[in-house]
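Me: I am new to this structure and would like to learn how to read its features one at a time. Could you take me through them slowly?

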Amino acid sequence: MQIRLWDNNLKVRLVGEALFNMLFWMFFPFITIYFGTALGNHIAGILMTVPPIFGLAGSLLGGALADRIGRRPVMLLGASLQMAMFALFAMSSSHWVDYVAFIGIGLGGAIYRPASTAMVADLVPSENRRQIFATFTTANNLGAVLGPALGAIFFFHYREELLWTCALVTLLYLIAIYYVVHETLPTTVKSQGGTTSLSRVFKDQCKGYGIIFRDKVFLIYTLAGIFALVPIMQLDLYLPVYVINHVPAQALFTWNGESLMLSSTEIYGWLLGFNGLLFVLFILPVTKWFNSWKERDVFILSSLLAGVGTFALGLNSNIWYLFFITIIFTFGEIVRSPVTQSFISRYAPEHARGQYLGANSLQPTIGKFLAPVTVFLSSWVMPMGIFSMILVFAFISIALYVYLFRIYVEQPHASD
């Protein structure tokens, strides 16, 4: 589906979210270093465990409100909170206020995302959703590639100016949402609304999520996703520990007797950049290649590539071998990314689409708590033991996906 044929809602959000994501990645990778320098690494480590909890609460709330009051108002609420928190961060002279602002930025994004994703599902026929979600992912990952390189300069030397720029861009995007983006909440869902008390709204939300979490298909899907994400998340967790401690410094290439030598830390940086570059270059074509595949087969392939690829990292420390293996586990992440959103948007009933998309945030949230066990155990377990454990997580996810699609029959793509 060509971008020129997209609804204006999608065009505005593609540009706005891409710009915001680039600015976000200009400060996010350095926030732990920032708080660690100011408050100590021990305290910073504890503080960084709190934002995922607020993120989960924000996703659940945003998803429920998106089905209750509409996608557009929830997106405005999330963007407004982010803008206010960026401004607070820019004006603050206290690290504790900075921390509150950082949590607020994450909370605003968590409230925004389920409504944003639900709007895509409202507007796009199911057969085109993988391609649309892949396009959004590509735009976001461009920011993830460029942002850290720019942020290494701007965050530490021009932090106040960077944060004010983030606030200004978010304000402009907020104005664009207000004037250009129209509501997409299905009419059948709107008719079920009504003015009720705040307590009634929260009661209905709790009841709705209770039904979701008793949904066997969704529960198995969530568990499978958690185990599948553990290998994928090692790129930022155990991989740097392994590369820095077990991969020796070596030459990237030799030319006329001169060698470009890379330290262990630099090797990890190159692998990380290569991963981001692969994601940007290949997510759209890969999504197109696998568009005719059943979601079951894509999920299984993703877990297999991510698990086997991550395990294979421990078999050799040659830099070119590591680049090759990076291609394997990166493709495991690439093939999975668009399908997760399209699966939930198709599976969720129309009246609860936002709630299901909000509850889907359980996968990365629980995964973020479970995946660091590899780093914790690395002090006592040899690298191949850690990599073997990661492979076991991948095989568990494969078994769960096989079981999932035995109890849930995937329907063929059709226009909604």
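Reply: Let us begin with the salt bridge, which is a side-chain nitrogen of Lys or Arg within 4 Å of a carboxyl oxygen of Asp or Glu. This is a predicted model, in which local features need pLDDT of at least 70 and side-chain atom pairs count only at pLDDT 80 or more, while totals for chains, interfaces and linings use all residues. Residues are numbered from 1 along each chain as its sequence is written, and side-chain values use heavy atoms, with hydrogens and water left out.

Me: How many salt bridges does a search of the whole structure find, and which side chain meets Asp67 in one?

Reply: The search finds five, and among them is the one in which Arg71 meets Asp67, at 2.8 Å from N to O. Arg71 also meets Asp122 in a salt bridge, at 2.7 Å from N to O. This second pair links distant parts of the chain, since Arg71 belongs to helix α5 (residues 71-91) and Asp122 to helix α6 (residues 95-123), 51 residues apart. Helices here are DSSP runs of H or I with at least four residues, numbered from the N terminus.

Me: Is Arg71 buried or exposed?

Reply: Buried means under 20% relative accessible area, exposed over 50%, and partly exposed in between, with a 1.4 Å probe and protein chains only. Arg71 is buried because its relative accessible area is 0%, and Asp67 is buried as well, with a value of 9%.

Me: Which residue forms a salt bridge with Glu295?

Reply: The partner is Arg346, with the closest N and O atoms 3.3 Å apart. Glu295 lies in helix α14 (residues 295-312) and Arg346 in helix α15 (residues 319-347), so that this pair, too, links distant parts of the chain. Both Glu295 and Arg346 are buried. Elsewhere, salt bridges that share partners join Asp67, Arg71 and Asp122 into one network.

Me: How many aromatic pairs does the structure hold?

Reply: Rings of Phe, Tyr and Trp (its six-membered ring) pair if their centres lie within 6.5 Å, and planes under 30 degrees apart count as stacked, over 60 as edge-to-face and the rest as tilted. The structure holds 31 such pairs. One of them joins Phe154 and Tyr158, and this pair is tilted because the planes meet at 50°, with the ring centres 6.0 Å apart. Phe154 is partly exposed at 34% relative accessible area, and Tyr158 is partly exposed at 43%.

Technical notes
Helix = DSSP H or I, 4+ residues; strand = E, 2+ residues; numbered from the N terminus.
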